[in-house]
Amino acid sequence: MPETDVVVVGAGAGGLAAAWRLTARGMRVTLLEAGRRYRPERDYPQTSADFEAREFPFDPVSDERGKPRFGFGPAQEIRESWDGYRSHDLVTGRQAGNRRLYLQYAHVRGVGGSTLRFQAEAHRYHPDSLRLATLMGAGVDWPISSRELEPYYDLAERRMGVAAPAEIRFRPRSSPPPFPAHRLSYASARLAKAFSAVGLTLIPNSLAILPESFEGRPPCNYCNSCTEGCPIGDKGSADVTFLPEALRTGRLDLRSGSPATQVEVDGMGRASGVVFADENGTLQRVRARFVVLAGGAVETPRLLLLSKSKLFPQGLANGSGQVGRNLTETLLWQSTALLPERVGSFRGVPIDGTAWDESVPSVRRSGAVGGFRLSTAHGASGLRGPAAYAGRLVPGFGLEHQERMAKVFGSAVGIIGIGDWLPNAGTLVDLDPSLTDARGLPVARITSTLGENERLLLREIADRGRALLSAAGAVMLEESSSLDRFLTAHVLGTCRMGKSPADSVSGAEGFSHEVPNLAFADGSLVPSSGSGDSPSLTITALALRTGDQLLERAARGG
């Protein structure tokens, strides 16, 4: 007999949302999380005097033994013709050679996952982002409509405490957001005219950050430090919004420090349970009626590829070879510039304003397909205190350096551009042939390649952002670009949903085409990157929907 109804692997945005939905409806859930459970009052650095020198206490590059968490594939060559769009800063100059530089997959292992460090952006995809292939002959169509997803967007926003404008022209909704939007910071309001000068309208961003008290959580204190963990609980990370209620049901067995090593199957090809290493490193097994994978778009395909058997010699649910394929990222351009006056840019929230005018998927003048948005991102650019200025923006030392620091501190502003990334054959996740984890198992290998579509769209994003900053009277200091750097937390699509097993791993219900009781509740399920959208809200909404689909299957005896 199964020990539990459902075993969920991964306690991030999707895993915790699915666990909440299932336990609230009477299911017994065992939740396995490879990382630890954080205690905000103990672990997060913002209340310390040296907060700028203390980062969030997780190393996404190396594990506790100093071994790499991930491997990386061949680095793409950078064309000389793209030199004008390379990453650079005042201290180090150009930051990569003639090939793209793999920096890190900024994924957090821990209860709450990457929402512990996310900047709380809560975006709904444009409806056309779900129909790119039909409308534009590129990318892929989703097997569900935006109308089917809308009630789950509503539910996710209520649980997370989303504050948003009542109406966003390019992101339609049929019900009001749970909370009114946060006001633009003084620094962002200062840039509003510059946005208008380049044909864009800056409005408050949609954020899972409370503007007022809600269910025992306080309002935001605008410390601008969401990426270092929220010590007071106003940010809607999954450990705050979904975990407490799931635990209160008495039906959730949360096991942190318990990395999964294999999904087992029975003789009929159904998932029968999960093997994992407990906190002592001893292999254990939990059996269940259903298995839900929610480790993210890198770790979920890794686990499937590790789970080989006689019935699945290429890896579980990988009969068509699609597991790990179709990886997409979010295309990034980021700039820091100096205004002629101090604007207190260290105050607020990391990404407080957004212009959605170009975020409608389309075939653009350059020939690129997709869309993008530009946002004010002072906190996201790391402009939280004087250390950032001294280390990155104000070179030198001595009295002259001190005088310059006193003059410019609070004058730097950040702009971020996010755009579509179409799936391509050169961007994928597989098993690294030489790197292993502490248990001797191959780590995931990430290979990232920009297509011509991404390079064209990135140039358009950068040109518009540069024109905006010029209109504001700002002087450019540094730029960061997906063109020459892989540094992302937003990865999607490696077990994407679709109508056909030939080009997807899961179906419209979020379940594997090949294994009827194996479901997905993370970014691996999401078929496309969106036209500048942050994917956290969509991942959460899809996970809630997967939970409901599982409940229906269970009721039918599936």
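Where is Leu-487 found? Leu-487 lies in strand 24, residues 485-488. Strands (E, at least two residues) and helices (H or I, at least four) are DSSP runs, numbered from the N terminus.

This is a predicted model: local features need pLDDT of at least 70, side-chain atom pairs count only at pLDDT 80 or more, and totals for chains, interfaces and linings use all residues. Residues are numbered from 1 along each chain as its sequence is written, and side-chain values use heavy atoms, with hydrogens and water left out.

1. Leu-487 itself is partly exposed, at 35% relative accessibility. Buried means under 20% relative accessible area, exposed over 50%, and partly exposed in between (1.4 Å probe, protein chains only).

2. Strand 20. This strand spans residues 412-419, and eight of the eight are buried, so the rest of the structure largely encloses it. Both faces are covered. One side carries Ala-412, Gly-414, Ile-416 and Ile-418; the other carries Val-413, Ile-415, Gly-417 and Gly-419.

3. Partners of strand 20. Strand 15 (residues 331-338) runs antiparallel to strand 20 and is joined to it by eight bridges. Leu-338 has Ala-412 as its bridge partner. Strand 19 (residues 372-376) also pairs with strand 20 in the antiparallel sense, over five bridges. Pairing requires at least two DSSP bridges between the strands.

4. Helix 8. Residues 296-306 make up this helix, which is mostly covered: eleven of its eleven residues are buried. Charged side chains deserve a look here. The buried residues include Glu-299 and Arg-302.

5. Cysteines. The whole structure has zero disulfides, taking a disulfide as a pair of cysteine sulfur atoms within 2.5 Å. For Cys-220, the closest cysteine sulfur is that of Cys-226, at 6.2 Å, too far for a bond. Cys-220 is buried, with a relative accessible area of 12%. Cys-226 is buried too, at 10%.

6. Aromatic pairs. A search of the whole structure gives 14. The rings of Phe-72 and Tyr-102 are stacked, because their centres are 4.8 Å apart and their planes lie at 20°. This pair links distant parts of the chain: Phe-72 sits in strand 3 (residues 71-72) and Tyr-102 in strand 6 (residues 101-105), 30 residues apart. Phe-72 is partly exposed at 28%, whereas Tyr-102 is buried at 16%. Elsewhere, ring pairs link Tyr-38, Tyr-44 and Phe-56 into a cluster. Rings of Phe, Tyr and Trp (its six-membered ring) pair if their centres lie within 6.5 Å; planes under 30 degrees apart are stacked, over 60 edge-to-face, the rest tilted.

7. Backbone check. Most residues other than glycine have a negative phi. Tyr-222 has a positive phi, near 60°. Asn-224 has a positive phi of about 65°. Tyr-222 is in the loop between strand 9 (203-204) and helix 6 (238-241), and Asn-224 is in the loop between strand 9 and helix 6. Tyr-222 is partly exposed at 36%; Asn-224 is buried at 2%.
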